[in-house]
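Me: I would like to learn how to read a protein model, feature by feature. Could you take me through one?

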Amino acid sequence: MNIIQPDLSSILNFISERDISAYKKQIRDHYTSLYNRTGKGSEFLGWIDLPQIFSTDVPGEIQSHAASLKDKADVFVVIGIGGSYLGARAVIEALSHHFGTLHDKKRFPLVLYAGQNLSEDYLADLMDVLDQKDYAVSVISKSGTTTEPALAFRIIKNHIEKKYGKEEARKRIIAITDKQKGALRKLAEEEHYRTFVVPGDVGGRYSVLTPVGLFPVAMAGMDIRELLHGALDMATHIRDKKDDFENNPASLYAAARNALYRSGRKTEILVSYEPRLFHFSEWWKQLFGESEGKEHKGIFPAAVTNTTDLHSMGQYIQDGERNLFETVLSVKSPTAELGIPSDADNLDELNYIAGKRIHEVNLKAEQGTTLAHIDGGVPNFRINIPFINEYSLGQLIYFFEMSCAISGYILGVNPFNQPGVEAYKRNMFALLGKPGFEKETGNLKRKD
Ligand code: PA5
């Protein structure tokens, strides 16, 4: 079992080992609170055991339903927002062909997304696609009442019923929601949709290893057992090493990022050199942003994809405010193989790298950037990933989830709630005249 480890060596140019190990004792206590379900947000700690629980029976059910549905659909629409969307997209895009299913010989549906915004143009364009393609849809909402996915589902339900008739439409719709509560549960039961349950003790951004993430990932043709296998190996490793600070990746990462935060590093940038990890970074941003940004505290999570962003954000990172640190997802081997040909005329002056792989150039860009940023005063973590596959993504997901829980406890916040998300909703509902919200609230009053 090869466990992904963060490499902290270059951080030590900025903070001392003592600064990091100062968190040793409290981290041990935080593991006790988490594993004994006694800490803040203890009603939402179901994610801790998901790899064990779901590595037995649930994936079979998910896989067999996905296998029967996939043959009906060229397109599979995942409706959801926040934690009910980002985990699935992170995994699917990390493992898919960059240009859709054009080259996918296995012929799994192309996954498209809805309910993650309120853009009329976005939905109208999606409906154009759905007019022309055979499709199926999953509507995912733990609360079952979130406006964005509910609205997208209303539009798509109307479309799919017109396209296929109510009976066939019903077979093409999957609802993933709470076991009992919420409007979506009620709707799914009335309409006799196939449902999967979001466990009550798992919050949205920690739910990628439940049917919320697993069903869409299975529909896209990925191996959910391997994803869970990776998560399980990481979960077991972290638990085994809960008292062994120096060899526990989650302890080291949580301690080091808090030591950096305390030294004035208020922004963490997740850096990758693989565009297929773009949505993994989006998932990571949500995980840390929504978990830690509370009580006017928290590291601001940002992300860049290099080398693209070296030609935009690179300038700021190299030379701007020195309140940053970076966490680099360093991928050792690519999936494909593409060499650089030699050219007789060499007009582009690139013969000096002829014969090398593109990835070698990418790795040199990564090394060169890391050195430049360290010289420029930006601490860098490195997380070495041998290969992007289901197994390594499973490890990374669990590693970041546990690191985030520990890190939130170090900050003294509840990493499992999101009270701040409600503020915009109250105002939006008041502005839309939703019954019960007519009375204007805080910001609206201030405007007057
Ligand atoms: O992490 C969270 O809890 C949130 O991001 C939710 O996932 C998001 O608000 C969607 O909620 P729901 O699944 O209830 O529609």
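Reply: Happy to; we will look at domains, a helix, one of its residues and the ligand. This is a predicted model, in which local features need pLDDT of at least 70 and side-chain atom pairs count only at pLDDT 80 or more, while totals for chains, interfaces and linings use all residues. Residues are numbered from 1 along each chain as its sequence is written, and side-chain values use heavy atoms, with hydrogens and water left out.

Me: Which domains does the protein chain have?

Reply: Domain bounds come from an automatic or database domain assignment. Here the assignment gives domain 1 (6-39 + 229-411) and domain 2 (46-222). Their C-alpha centres lie 29 Å apart. Contact means heavy atoms within 4.5 Å, and 29 residues of domain 1 are in contact with 25 residues of domain 2.

Me: How many residues does helix α2 have, and what span is expected?

Reply: Helices are DSSP runs (H or I, at least four residues), numbered from the N terminus. The expected span is 1.5 Å times one less than the number of residues. Helix α2 covers residues 24-35, which is 12 residues, and reaches 17 Å from its first C-alpha to its last, close to the expected 16 Å. After α2 comes Arg-37, with a positive phi near 60 degrees.

Me: Which residues of α2 are buried?

Reply: An α-helix has 3.6 residues a turn, so residues three or four places apart point the same way. Buried means under 20% relative accessible area, exposed over 50%, and partly exposed in between (1.4 Å probe, protein chains only). In α2 the buried residues are Ile-27, His-30, Tyr-31, Ser-33, Leu-34 and Tyr-35. They pack against α11 (224-240), α12 (249-262) and α16 (390-411).

Me: Why does Arg-28 count as partly exposed?

Reply: Arg-28, also in helix α2, counts as partly exposed because its relative accessibility is 38%. Leaving aside neighbours within four places in sequence, Arg-28 is in contact with Lys-242 and Asp-243.

Me: Which residues are closest to the ligand?

Reply: A residue is near a molecule if one of its heavy atoms lies within 4 Å of it. By that rule 13 residues surround the ligand, and the closest are Ser-84, Ser-141, Ser-143, Thr-146 and Gln-286.

Technical notes
Helices (H or I, at least four residues) and strands (E, at least two) are DSSP runs, numbered from the N terminus.
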